[in-house]
Each structure stands twice: as C-alpha cells, then as structure tokens.
Amino acid sequence: MEGYHKPDQQKLQALKDTANRLRISSIQATTAAGSGHPTSCCSAAEIMAVLFFHTMRYKSQDPRNPHNDRFVLSKGHAAPILYAVWAEAGFLPEAELLNLRKISSDLDGHPVPKQAFTDVATGSLGQGLGAACGMAYTGKYFDKASYRVYCLLGDGELSEGSVWEAMAFAGIYKLDNLVAILDINRLGQSDPTPLQHQLDVYQKRCEAFGWHTIIVDGHSVEELCKAFGQAKHQPTAIIAKTFKGRGITGVEDKDSWHGKPLPQNMADQIIQEIHSQIQSKKKILATPPQEDAPSVDITNIRMATPPSYKVGDKIATRKAYGQALAKLGHAHDRVIALDGDTKNSTFSDLFRKEHPERFIECYIAEQNMVSIAVGCATRDRTVPFCSTFAAFFTRAFDQIRMAAISESNINLCGSHCGVSIGEDGPSQMALEDLAMFRSVPMSTVFYPSDGVSTEKAVELAANTKGICFIRTSRPENAVIYNNNEDFQIGQAKVVLKSKDDQVTVVGAGVTLHEALAAADLLKKEKINIRVLDPFTIKPLDRKLILDSARATKGRILTVEDHYYEGGIGEAVCSAVVGESGVTVTRLAVSQVPRSGKPAELLKMFGIDKDAIAQAVRSLVTKA
C-alpha cells in the first residue's frame, strides 16, 4: 500500500456527490432516450467517480493526449455513465447527455471512437480487457511511460473466454500498469450471473492468472480510493461487490430491469431522492498527467531499399512476408509483430530474430491477439502486424468486426490458405477467409502471388488505414515480377497477354501459377489466354478486369483456392454485374477437403492447370 494517502472527509463526500450526479445523469439520459441501461450504470457510479476524479491522471479538455491515463469501458452498455463522467469533467455539455442514442448525436448506445474519449468500441462483451492489455503493453514496453490503463468489466462478460485469454496475457507479461475493475453486481441480462456474489471464487480465479487481487465494497468511495492506491509488480484486479440499479428504490438488486429505462414519473421521483443526498454542487477537477510519453509519427513508413528477388527463383509468400516484415522493422521502430505460437510457420520469427523487443508472443489465443493489436494501435502509438494460420482468424471474427467499428489500423497476415497446404487437412485450410475479410467495412484484402508483390503488400499495409489482411500461401512459387514493379491498392496486373486472347483468367496465389501453367498447355493447341493477378481482392480493379474481358470476347474465368462463397469469383461477379456481354465462369473448392499432396488436392477440387485448361476449352468451344 505504498504511497496511499487517505482522502479527507471533504474529498470523500465530494466523491459521493459526484457518484450521485453520475447516477442522475445516467437515469435522465436513458429516460430521455427511451432506451439504455440505467441499472448497469448505477452499479458503477462510485467506481467511475473515484477513477476519474481521484485516481486517474488526464487532461479533461484533451481526452486523446498521449500522456493521459487510459480507460476502457468493457461493459459498453454502461455508456451513459461514461458520457456523464466526461460532462462532469467539463468536456461534454451537460445538455448533450439528453441526446443519447439520437441520430444527430455522437453519443451512441455503446462507446465508439467518434467520441474523442473512446479509444476502442465496446459493447460486444468480453473484448475490452484485451484492448486494455495492448495499451498497457505499449505503455510499459514501447512508450516506457508512466500512464496507467484502467478497464471496467461487468460480471456477465466474465463468462467470455476472451476475458481469461487477456487475464493470462497480463499475468505472463506482468502488466503492473494495468488495473481491471470487476463490477460484480450479481445480475446478468436475463438471469443472475453464474457466481452471483461469490467474490472469493472471482478472487481465486484472478490470482490463479497472476493478478494482485483486492475485494472491495464497490459503493464505498473510501475502500475504492484505498484499493486504487495499491501498486504491485503485477496487474491488479479490483473485485467490487455492487448492486445493479444502486440508488433506485424498488429496482436495486431486482431482476428483469436490465436495459430498461425508468418511466418519466418514476425517474423524476428517484432523481429527487438521489439529489437530496448531494451535499455540494462543487465539481472535482481532473489531475493532469505526467508528460513522459515519447512523440511518435507513424506516417509514411517506407522500405529503405526495393525488393531483392530474382525472377524465376522460388519462395513461398509466407516466407516472403516474414522477410518483408523484418525489413520493415528496420524502416521504423514502431512497427511491431504479434503471433499466436505459429511464428516458425508464418515466418514472423524472422522479425523476432531481428527485433526481439518489438515482438509479442500471444500464444494460442487468436481472439486476444487481435484485441492486443487493437490496443497497441490506439492513439497511433504503433503499427501492428498479427500473423497466424488464416483459418484461425475465423475464431477472432468478432474481434476483427469490433476493430473495424473501433476504426482501428491493424494488419493481419493469414498463412496456410487453401487446399494447397496439403497433408495437414481441412482443419488447417483457410477456405472462408476471403469471404470474412471482404465483409469487414473499409477493409483492404491483399492476395500477393510472389515474393516481390508480398513485400509491396506489407509496405502498403503499413501505410493504409483500417483493417488490412494479407493472404499468404505455403507452397513455393516462382518470382514473376521485377523488383522495380510498382504495386498499388486496387490495381491488378496483366501477367500474360497476346493480341488474340480467348479468355481472361483471374487467379491469385497458387492458382495464378496454375493459370500460367495452363496457358503453356493451351498454347500448344493455339488457344491464348490473358492472365490477371488482382493483387488486392478488395478493392478489386474493376476497370482492368472489364477491359480484359472485352478484349477476350467477354469471357472471364476465375480460379481460387477458397470456397465458392465470398471469394475471388464472387468479387469479380459483383464487379461486372450488369455489364452486357460479359460472362463469368468460376472454379473453386466445392466441398470440405481432405489430406493429400498439394498437387493431388488442387486436381481433386478442380483448380489446377488441367482443370483451368479444360474450362477454357469448354468456353472457347461453346462459342
């Protein structure tokens, strides 16, 4: 308990008054909106008052200042009390709180980053702590600054496995600048939580994950001040026993009030009751932070030299990714890499060897890895690149979806895509990843086909806003581009063409090389094809695809190591829809695959050179 000074009675009373003002604001806002979660706000009123007006150090008029302590509201449905805090601090006008959930207001139903005081969007429960871990890791190991990170969780979300992935991560990396506050208010949405008020069980769980754990009365400002004043060489979990709807007579600790605003007449009466307990209108000023975070500029990150590959040499794009990332690490000291214990397969190990202090091993916890990256990227402190098998990003889709809502700038590299990985079988084969990442708003989907284009994809991703996905392959394929080839997002490449091409074939990764091999077979039959490399599947180069189709009698053939749904074929179809005289024929994986050699599997699922050649013959004959 080093450094704890008990606040005087005047300060304690001021904190109690602040908590009650926050309660009133939350009730008023949700009643005005006709929706929202006042009871979830009321259980956290003392926690929020002590945090923001006693414990945390921040500039109230500059919420995103890099020196500020960070706060993540993991129980995002309690957003009204977060907004009430920022009104209490003087950043938001009090009147704006009554515009909660209106289309004309930035005060959404759950926190979103169009609010200057929100770093990460929350509301899909169980994700806030992972992001807070990323912020704390950045503060401790990259910024080496004194700012601290606080995360408020509800007890309902403690059933989410992702919370315990984050708990494990914080324990392993001894994030002593991180404090998690567990608002144990006993009641979930439709039922009591599984442990209700068994605080000792929560304590044992947190301690087992390597956290210093303190049980407090979550409605005692004095106990909260004392708990927040304890500093240890490990993360701290404050288990706060609270009551849902605290201060609302007839509703406190009662089931069936989750997500229900109080009717106006009831709200008026309750507000009057709470108001009568407030002794002073005087507001507590926020304590400014220690200014010791370094200034960081992550714009315009460029490789020092062009790629150094030789046309014809063979390299797997997964290995080219690792080499490119290690090279990018020399270009900027804020490029970081994260992996989920697959670094010797994704080749992010090459980055770790050259920049060990900027590599974060997240172990086999892909959901948490994405959340960590989101946290590391907040306030433009780092440029994160996460890698694992592309198939395993599917289990983190909700984290990726929330990262997009958070307007996060993170880069994800998925290796081992498609049936071309061979013997490992379908559990390891990414065949849904393009569909998943294409559906993410404002995402960029790279699918490089050789070493040169992979290196360019990594450099472009580092400078591109939003969620970037790079799809890499296991087989070694020939380098087809010169080192000085220019690549841009949304610009495809014509890899092969002649004056009398019959069909435009669009392939990427292994299928681009199969298409080139098919072109050699067809040439012997005097059939020429035009071969396109899309480079980015989103955005797709619609103009080049249409121009090529028109030069090849309107015939397009797509071939991909992915399921039919949501991949290259559907992307091309949506790009050319409504264009007269253009037909698209698609080759893709049609069912759950099996183990086998890569060449056998490409043949079995009809996406190898022979299948491409046969499809081209059919199209030409049909004409």
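## A walk through the predicted model

N185 is in contact with S43, K75, D155, H197, T242, F243 and K244, once its neighbours within four places in sequence are set aside. The model is a predicted one. N185 sits in the loop between β3 (178–184) and α7. Its relative accessibility is 3%, so N185 counts as buried. Contact here means heavy atoms within 4.5 Å.

Not counting residues up to four places away in sequence, E223 touches V216 and D217. E223 can also be placed relative to K6. In sequence, E223 and K6 are 217 residues apart. In space, the distance between E223 and K6 is 9.7 Å, C-alpha to C-alpha.

Now turn to the aromatic rings. The structure holds 21 aromatic pairs. One of them is F91 with F117. The ring centres of F91 and F117 are 6.3 Å apart and the planes stand at 90 degrees, so this pair is edge-to-face. The cut-off matters here: planes over 60 degrees apart count as edge-to-face. Both F91 and F117 lie in the loop between α4 (79–88) and α5 (128–142), so the pair ties together parts that are 26 residues apart in sequence. F91 has 26% relative accessibility and so counts as partly exposed. F117 has 7% relative accessibility and so counts as buried.

W164 and F209 form another pair. Their ring centres lie 5.1 Å apart, with the planes at 45 degrees, so the pair is tilted. W164 belongs to helix α6 (residues 161–172), while F209 is in the loop between α7 (199–208) and β4 (212–217), so the pair ties together parts that are 45 residues apart in sequence. W164 counts as buried because its relative accessibility is 14%. F209 has a relative accessible area of 31%, so F209 is partly exposed.

Ring pairs link F52, Y58, F71, Y83, W86, F91 and F117 into a cluster. The edge-to-face pair of F91 and F117 thus has both its residues in that cluster.

Next come the helices. Two packed helices are described by the angle between their axes and the distance between the axes. Take helix α1 (residues 9–33) and helix α9 (residues 264–275). Their axes come within 10 Å and cross at roughly 170 degrees. That angle makes α1 roughly antiparallel to α9, because angles over 145 degrees count that way. On the α1 side, the contact is made by N20, R23, I24, I27, Q28 and T31. On the α9 side, Q264, A267, I270, I271, I274 and H275 take part. By class, the contact of α1 with α9 has 6 nonpolar, 5 polar and 1 charged residues.

Helix α13 (residues 366–377) and helix α14 (residues 397–405) make another packed pair. The angle is about 15 degrees, and the axes are 8 Å apart. α13 and α14 are therefore roughly parallel to each other. The crossing of α13 past α14 is right-handed. From α13, the contact draws on Q367, V370, S371 and V374. From α14, it draws on Q399, I400 and A403. This contact has 4 nonpolar, 3 polar and no charged residues.

The backbone holds some details too. Which residues have a positive phi although they are not glycines? M442 is one of them, with a phi of about 60 degrees. M442 lies in the loop between α15 (433–438) and β11 (444–446). Its relative accessible area is 71%, so M442 is exposed. F535 is another, with a phi of about 65 degrees. F535 lies in the loop between β16 (528–533) and β17. F535 has 0% relative accessibility and so counts as buried.

The last stop is a peptide bond. K538 and P539 are joined by a cis peptide bond, with omega about -5 degrees. P539 is in the loop between β17 (536–538) and α18 (542–551).

Terms used:
Residues numbered from 1 in each chain as written. Predicted model: local features only at pLDDT ≥ 70, side-chain atom pairs only at ≥ 80, totals over all residues. Heavy atoms only, no water. Axes fitted to C-alpha atoms, helices over the stretch in contact; angles between N-to-C directions. Helix = DSSP H or I, 4+ residues; strand = E, 2+ residues; numbered from the N terminus. Parallel < 35°, antiparallel > 145°, perpendicular 65-115°, else oblique. Left-handed = near helix turned anticlockwise from the far one by under 90°. Nonpolar A, V, L, I, M, F, W, Y, C, P; charged D, E, K, R; others polar. Phe/Tyr/Trp six-rings, centres within 6.5 Å; stacked < 30°, edge-to-face > 60°. Buried < 20%, exposed > 50% of the residue type's maximum accessible area, 1.4 Å probe, protein only.
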